[in-house]
Amino acid sequence: DRVRERLVAPVSTGVYSAHPDDIDVDVAAPALNAALTRSGSLSGAVSEITGGSERAPGSAVLGLDGGMSGLVDALVARIELLGSAVRPGSTVTGLDRDGDRWIVRVVEPASEVSEPDPRTEGSVPADPPADPAPAEPVAVPAEAPALFDAVILAVDEPTARRLLAPHAPELAAVTAGSSPRIEIVTLVLDAPALDAAPRGSGVLTVPGTHTAKALTHSTAKWAWLRERAGSRHVVRVSFGSQDEDPATSALDDEAAAALALTEASALLGVELRADQLRGSHRARFVQAQPSAVLGAAARRAAAADAIAAVPGVGATGAWLSGTGLAQVVPHAKAEAERVRHALLWG
């Protein structure tokens, strides 16, 4: 029990927002069960799986020089190179059938409304960012709506369910996955005491011991960020988990930053003062249910079957593939290929 609460729970709740009791071990660590039988102990099983190697914390985590936003920029550039367009801030309000084709109902930000560009005919509008709120939308004239051979929804589960409700009734019978609300407060600090990286690249907390579930010392973790930050430090504090709203949810941005600073000071074991804070940023999002949660695989398969039964429609995202780029990217490619193949060959 102590191993579970002190070692496993901080990882499962801090990274995946799920309690260990809800994790399917055969999915999370496929080799562990058999190794446990062979070795007769949990520590022996772990040693067998890892080969007894001593790996540095975070050594299996990779990133991009300049941050993950570079992936977004590259994706946009690729889309535009292929002759399509990205329409940020556009809100998709509905999908309508027109024979064998689809009409995508969209409202645009007021500042972006203009005459349709024939060069972008057939492009699928992007779903709007949740934070910050988009500009006040106005209805786009719908005298001649664009028709699409297919639509692929790369959105969160609630949005996908809302748009597909009129067309995939079987999807409503599939239980929705739990979607914990997460808030991450990023702090930029002038704090020489952090130069020694007192907790390495970060900390995961034991559930119930802190209001924060995790902390990442970003400038200790990523060399590219450390070089750009100079003498300053960047620290990210995460709040919210399964069945637990973020402690920051009822706070304004200033109070959320103050709470994150208090938590960072406690977790890093270093006094961090308000006068050392040079800036902060608050991000809110809904996290998809992790793939290793009990019953998640069957739920995802049932949802995928319900969507695949609708001609000309595909859906992808962590709620269907499981969390993490290693699962999201292959799923997205496979779903796009499934839709393409169906269009060509039926």
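View 1. Thr216 sits opposite Arg236 of strand E9. The strands in question are E8, residues 214-217, and E9; they run antiparallel and are joined by 4 bridges. Two strands pair here if DSSP finds at least two bridges between them. Helices (H or I, at least four residues) and strands (E, at least two) are DSSP runs, numbered from the N terminus. Keep in mind that this is a predicted model: local features need pLDDT of at least 70, side-chain atom pairs count only at pLDDT 80 or more, and totals for chains, interfaces and linings use all residues. Residues are numbered from 1 along each chain as its sequence is written, and side-chain values use heavy atoms, with hydrogens and water left out.

View 2

**View 3. Strand E6 and its two partners.** E6 covers residues 181-189 and pairs with E10 in the antiparallel sense over 9 bridges. Look for Glu183, whose bridge partner in E10 is Arg284. E6 also pairs with E9, again in the antiparallel sense, over 7 bridges. Here Leu187 stands opposite Val235 of E9. Is E9 mostly covered or mostly uncovered? Mostly covered: 6 of the 7 residues in E9 (233-239) are buried. Buried means under 20% relative accessible area, exposed over 50%, and partly exposed in between (1.4 Å probe, protein chains only).

**View 4. Ala197 in a loop.** Now zoom in on the loop between E6 and E7, which is the place of Ala197. Ala197 has a phi near 50 degrees, a positive value in a residue other than glycine. Its relative accessibility is 25%, so Ala197 counts as partly exposed.

**View 5. The E1-E2 hairpin.** Strand E1 (residues 91-98) and strand E2 (residues 101-109) run antiparallel, and 7 bridges join them. Asp98 has Arg101 as its bridge partner in E2. The hairpin has 2 residues between the strands, and Gly99 takes a positive phi there, near 65 degrees.

**View 6. Strands E5 and E11, a parallel pair.** E5 (residues 151-154) and E11 run parallel, with 4 bridges joining them. Leu153 finds its bridge partner in E11 at Ala315. In a regular strand the side chains alternate between the two faces of the sheet. You can follow that along E11 (residues 313-316): Val313 and Ala315 point one way, Gly314 and Thr316 the other way, and all are buried.

**View 7. Helix H3 against helix H4.** Two packed helices are described by the angle between their axes and the distance between the axes. For H3 (residues 32-39) and H4 (residues 42-50), the angle is about 120 degrees and the axes are 8 Å apart. That makes H3 oblique to H4; angles under 35 degrees count as roughly parallel, over 145 as roughly antiparallel, 65 to 115 as roughly perpendicular and the rest as oblique. The contact (heavy atoms within 4.5 Å) includes Leu32, Ala35 and Leu36 of H3 and Leu42, Val46 and Ile49 of H4.

**View 8. Two residues of helix H11.** Ala301 belongs to helix H11, residues 296-308. With 40% relative accessibility, Ala301 counts as partly exposed. Its C-alpha atom is separated by 9.3 Å from that of Ser321, 20 residues apart along the chain. How many residues apart in sequence are Asp305 and Glu170? They are 135 residues apart in sequence and 8.8 Å apart in space, C-alpha to C-alpha.

**View 9. The whole protein.** To finish, zoom all the way out. There are 13 helices and 11 strands in the protein. Of its 346 residues, 34% are buried.

Key:
Axes are lines fitted to C-alpha atoms, for helices over the stretch in contact, and angles run from 0 to 180 degrees between N-to-C directions.
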